[in-house]
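The following exercises are meant to be worked through slowly, with the sequence and the model side by side. Try each task before reading its solution.

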Amino acid sequence: MNSSENSTGNSVTVQHETMSKKKIWNVFWILTIITAVEFIIALVLVPKGIFSVGIANPLYIILTLMKAFYIVAFFMHLKFEKLTLIYSIAIPILFIVALIVAMLYEGNYWFDIR
Amino acid sequence: MSSVTNIDEIKSSPWNGGMSPFSVDYGKIMMWFFLISDAFTFATLLIAYGSIRFSASSWPDPDIVFQSAPFIEGGAPLVFVGIMTFILILSSVTMVLAVEAGHRNAKKEVANWMVWTILGGIAFLGCQAWEWNHLHHQGAWWGMNPFLNADGTIASTNFTNLFFTITGFHGFHVLSGVVLNIIIYFNVLAGTYEKRGHYDMVEKVGLYWHFVDLVWVFVFTFFYLV
């Protein structure tokens with residue numbers, strides 16, 4: 001009962017580790033560089049035939065997921081939240097992965113029977 | 001008697017009530033769960049795009065469809081959408097900077113960074129309006145597709161339908177985000193959060209704004225690059 005001060009509204013928000021200005025700009029540069037790499041692949045490496053589309057496309061997806069990680073973890077601050085909150089947000093995303101696998105497999109099947 | 005003292009003992013673990021087990025406040029958790037549901041909505045749209053594209057024998061080449069940019073004669077592939085991506089990333093950065101200033105209760109700084117965030121959002125919407133207008137003038141719209149497939153065959157309208165639906169849905173999110181940011185900006189100016197003692201609302205709307213940026217990262221990859 002003595003801990004009632006903990007239960008009033010927003011005082012539960014413990015002052016946890018936050019993003020410093022330097023860290024914010026670091027993440028900005030990481031995102032910019034990843035985007036620049038995507039552009040180099042699309043505008044230089046693929047047209048010159050250094051990368052085939054079969055290599056470029058998986059690379060785009062890996063780079064996109066890296067950008068997504070940096071946005072969610074640092075800009076949306078999820079990396080610094082409690083583990084239970086991280087899991088309750090990250091695990092439902094597995095359902096999306098399942099749907100991607102199922103529907104792309106289905107699309108491929110339609111392509112094959114056409 | 002010892003059992004009585006056990007019952008009376010104050011329970012202090014996170015899941016015994018009286019505090020947020022996630023140690024974030026209610027509004028922030030609700031924003032996160034809304035964003036998960038929104039992620040599912042965008043995922044279904046993008047997965048529909050993916051499965052239709054996988055089942056098609058050929059598909060329009062994005063380097064040719066999206067090569068127009070204002071001020072560039074003849075066009076240059078990806079340049080314009082690159083600028084749009086950069087604007088959105090930058091406005092995400094100014095949003096985190098507003099949140100960071102909020103932690104220090106620096107009212108003026110929060111307001112300044114919110115202005116930059118709003119301007120970034122408006123700039124993005126302006127670019128998208130230009131692109132839509134340009135594509136519409138080329139004869140592209142829902143149900144109309146003037147572009148040929150990469151192999152020279154006539155393309156179905158799936159391409160334009162999906163493009164306008166998905167970028168339109170995303171643009172609508174950007175528009176809502178700009179409106180929310182403007183509301184937050186005026187609340188900051190009015191001193192609402194200063195009186196409240198914390199700038200948590202900036203953080204909550206910030207989550208939404210970053211999510212909009214996050215979705216664009218995926219739209220950009222799957223429409224313009226792949």
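**Exercise 1.** Leaving aside its neighbours within four places in sequence, with which residues is B:Trp141 in contact?

*Solution.* Before starting, note that this is a predicted model, in which local features need pLDDT of at least 70 and side-chain atom pairs count only at pLDDT 80 or more, while totals for chains, interfaces and linings use all residues. Residues are numbered from 1 along each chain as its sequence is written, and chains are lettered from A and ligands numbered from 1 in the order in which they are written.

Begin with the place of the residue: B:Trp141 sits in the loop between α5 (107-137) and α6 of chain B, where helices (H or I, at least four residues) and strands (E, at least two) are DSSP runs, numbered from the N terminus. Next apply the contact rule, by which two residues are in contact if their C-beta atoms, placed from the backbone, lie within 7 Å. With close sequence neighbours within four places left aside, B:Trp141 is in contact with B:His136, B:Thr160 and B:Phe164. A C-alpha to C-alpha distance of 7.1 Å separates B:Trp141 from B:Asn161, and these two are 20 residues apart in sequence.

Finally, consider exposure: a residue is buried if 20 or more other C-beta atoms, placed from the backbone, lie within 10 Å of its own, exposed if 12 or fewer, and partly exposed in between. B:Trp141 has 15 C-beta neighbours inside 10 Å, and therefore counts as partly exposed.

**Exercise 2.** Describe the secondary structure of chain B, and work out whether the chain is spread out or compact.

*Solution.* Counting the elements of chain B gives eight helices and zero strands, in the order α-α-α-α-α-α-α-α along the sequence. The C-alpha trace of chain B spans about 85 × 45 × 20 Å along its principal axes, and buried residues make up 37% of the chain.

**Exercise 3.** How do α6(B) and α8(B) pack, and what kinds of residue make their contact?

*Solution.* Helix α6 (residues 158-190) and helix α8 (residues 200-225) of chain B pack at an angle of about 160°, and their axes are 10 Å apart; axes are lines fitted to C-alpha atoms, for helices over the stretch in contact, and angles run from 0 to 180 degrees between N-to-C directions. Because angles under 35 degrees count as roughly parallel, over 145 as roughly antiparallel, 65 to 115 as roughly perpendicular and the rest as oblique, α6(B) is roughly antiparallel to α8(B).

Residues in this contact include B:Phe163, B:Ile166 and B:His170 of α6(B), and B:Met201, B:Tyr208 and B:Trp216 of α8(B). Sorted by class, the contact has 15 nonpolar, six polar and no charged residues, where Ala, Val, Leu, Ile, Met, Phe, Trp, Tyr, Cys and Pro count as nonpolar, Asp, Glu, Lys and Arg as charged, and the others, Gly among them, as polar.

**Exercise 4.** How many helices does chain A have, and how do α1(A) and α2(A) pack?

*Solution.* Chain A has four helices and zero strands, and 16% of its 114 residues count as buried. The helices α1(A) and α2(A) pack at an angle of about 170°, with their axes 10 Å apart, which makes α1(A) roughly antiparallel to α2(A). Among the residues that meet are A:Val27, A:Ile30 and A:Glu38 in α1(A), and A:Leu59, A:Leu63 and A:Lys67 in α2(A). This contact has 14 nonpolar, no polar and two charged residues.

Definitions and conventions. The radius of gyration is taken over C-alpha atoms; the globule rule is 2.2 Å times the number of residues to the power 0.38.
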